[in-house]
Amino acid sequence: MKSITKTLLLASALCSLAGIAPAHAQDKRIKVAMVPKLIGLSVFKANEKGAIAAAKKLNIQFLYTGPVTASAQGQVDIINSLIARRFNVITITSNNPTQPAPALERAMKQGIKVVSYDSDVAPDARDFFIQNTSYPAMGKAMVDSVEQYAGPDAKVAILSSTPDAAIQNAWLGAVKTYMTAHFPKMTIVTTQYGESSPSKSLSAGLNILQAYPDVTAIIAPDGAAEVGAAAAVKKLGRTGKVFVTGASDPDSIRQYVKDGIIKASPLWNEVKEGELVMNVARLAADNKLKPNDTFTVKGLGTYAVKNKVIVFSKPLVFTAANIDQYHF
Amino acid sequence: MNRFLPRHAWDRTLAIILIALLVAFCTLIPGFYAGFGGTLAITDQFLPFGFVAIGLAVVILTGGIDLSVGAIASLSAVIMAILTKSGGLDIWLAAVLALIIGAILGWLNGIVITSLRVEPLIATLATSFIYTSVATALAGASPPYGFGKPFGVLGNGTIALVLPVQLLMFIGIAIGFSILITRTGFGRRIVMVGYNRDAAHYAGVAVPGLLRKVYAISGFMAAFAGIVLASYYDAVRPDMGNILLLTAITMVVLGGVSIFGGEGGILGVTLGVLILGVLRQGMLIAGFSDMVTTMLTGAILLVSIAAKNLLSDRGFGYGALLLRLINSRKQEATPPNT
């Protein structure tokens, strides 16, 4: 018993030593997990690709693990297992802001750093949040695309993921604000949901086109929804009459961009975002990042931290001209 | 009843598997044994499945199925949250009302099944769609969350520092249901209806009334699971119950309850819950991905149903054939003139 106590004391002494010796912190190998909303989705795979590349440079033992379906409960199970396995940093894009929060708070209490990216969790449940792109910029990019191809008096339908998806609602809020401010004649005729499922999104897209024949544009700010909307337009032969825009990875929409159904679709560089996530994870683990701060990452640029939020980049708009440069 | 593989043998096998799993995980997986209390706390992560499984076991014992448990769990939890957040009701009172609503939803399932003569599979599938839609509509764009510390005790709390509240409730409920099934007339009628519905009918059992009660019990337990989940996550969502159904069915079947009804007990289901839960959490802590654990859950469901059917002493199971063979040998071996 005594020897155990001694070992524990020694270990904690060593730990605290490591804590006050930041000069060597970069040398210390850390374990960082990346938890996507679900595994097997290409946008998240693109994050993983960038993260793996960055992890090598940053002396990070990297793990990519997520639930099979887009369920927050599945993410909680995984967070719990990562706590038990003593990871140093958990990075996560959450299926919803509330459910994973208690588990993440538990992790933070045990000294694990939490970095959310893409879709945020409750602010108390993470150290930093990497926002893909500023919400107003994303909303502007989508509305501008509608205005350019369907005109300033377009009748717009919205096809989103779920009624309570945090990021989609933030974008749609920005869409509405920008639309009423700049194109008052543009109207939103309906809002429907495809639950991020390709088949449900397709049938929701068909519903929209059949129920509202005067719709000239669909804004679908979700990977599955944009593909579903474009597929519905193609299926009903409305190419050239209905334009689709939204947020999706280039691989999924390439075909529809070439068909002319999607003319301009904003997103951001998911691979580079994965790199940034790992860099922030490293900085957080080394306690080198303050809630309001700036930092520079070689090859990515300089970023500002404002109230623990880091905006990753301006929207990257995919068009027929540039889409073949991007593969993810 | 003459059984090739008596229930006790099944239960005993499960108990041995559970102990073997615990010993193996504690010694082989770093991080699984986190002190006595730490390891017990793992049960918080899967016991909501167990609450559903126990209610579902009663339905399956009658030869029925309840596919709406996940939807009832979500809807009851959402109603509870709205009653307390928008209605200003005390959370505990709201929780009790949600339990009653869960029982009513289950009872409605029973009405559809017995009065409208709809197969349980189809009836509860249909009501699950309805209940889910209502839950989604009620929850709206920002489902309620944040129910306060005292309510969190239900899902995360411990008594005497190490004993999880969920585990204590689960043990209490399991004992209660075990007594209900084995020691009361109601429980025996449930098993009898499952074993042979016609025989039960001719023996004077009011089958429709019994089934309605059974589905109400399942609805009640589903609502209970929903409330515990709400406490555990400190949030409700209209889809939070979705994942409960398939795992709960697997737990029931692994626990030795025949999917055709009339066979099995609550002790087995309790062991099934613990085995599947510990296995999944242990594998996640060991670093296997969710994909592997989900695949394994499917495999366990298949193997346990197949084992049950093959070894069954009913119909054409290998167990029954083997029994007949042994019996006929015995008769041959007995000399005719004694």
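The crossing of α8(A) and α9(A) is left-handed, a term used when the near helix is turned anticlockwise from the far one by less than a right angle. In this predicted model, local features need pLDDT of at least 70, side-chain atom pairs count only at pLDDT 80 or more, and totals for chains, interfaces and linings use all residues. Residues are numbered from 1 along each chain as its sequence is written, and side-chain values use heavy atoms, without hydrogens and water.

Helix α8 (residues 223–235) and helix α9 (residues 250–259), both of chain A, pack at an angle of about 35° with their axes 10 Å apart. Axes are lines fitted to C-alpha atoms over the stretch in contact, and angles run from 0 to 180 degrees between N-to-C directions; helices are DSSP runs of H or I with at least four residues, numbered from the N terminus. Contact (heavy atoms within 4.5 Å) involves E226(A), V227(A), A230(A), A231(A) and K234(A) of α8(A), and S252(A), I253(A), Q255(A), Y256(A) and D259(A) of α9(A).

Between the chains, 22 residues of chain A are in contact with 25 residues of chain B. The buried area, which is the accessible area (1.4 Å probe) that two parts lose on being put together, summed over both, is about 2000 Å², with carbon and sulfur atoms giving 55%. The count of salt bridges (a side-chain nitrogen of Lys or Arg within 4 Å of a carboxyl oxygen of Asp or Glu) between chain A and chain B is 1. R280(B) forms a salt bridge with D77(A), with the closest N and O atoms 2.6 Å apart. On the side of chain A that touches chain B, α3 (72–84) and α4 (101–109) each supply at least two residues; the largest share, 7 residues, comes from α3(A).

Definitions and conventions
Chains are lettered from A and ligands numbered from 1 in the order in which they are written.
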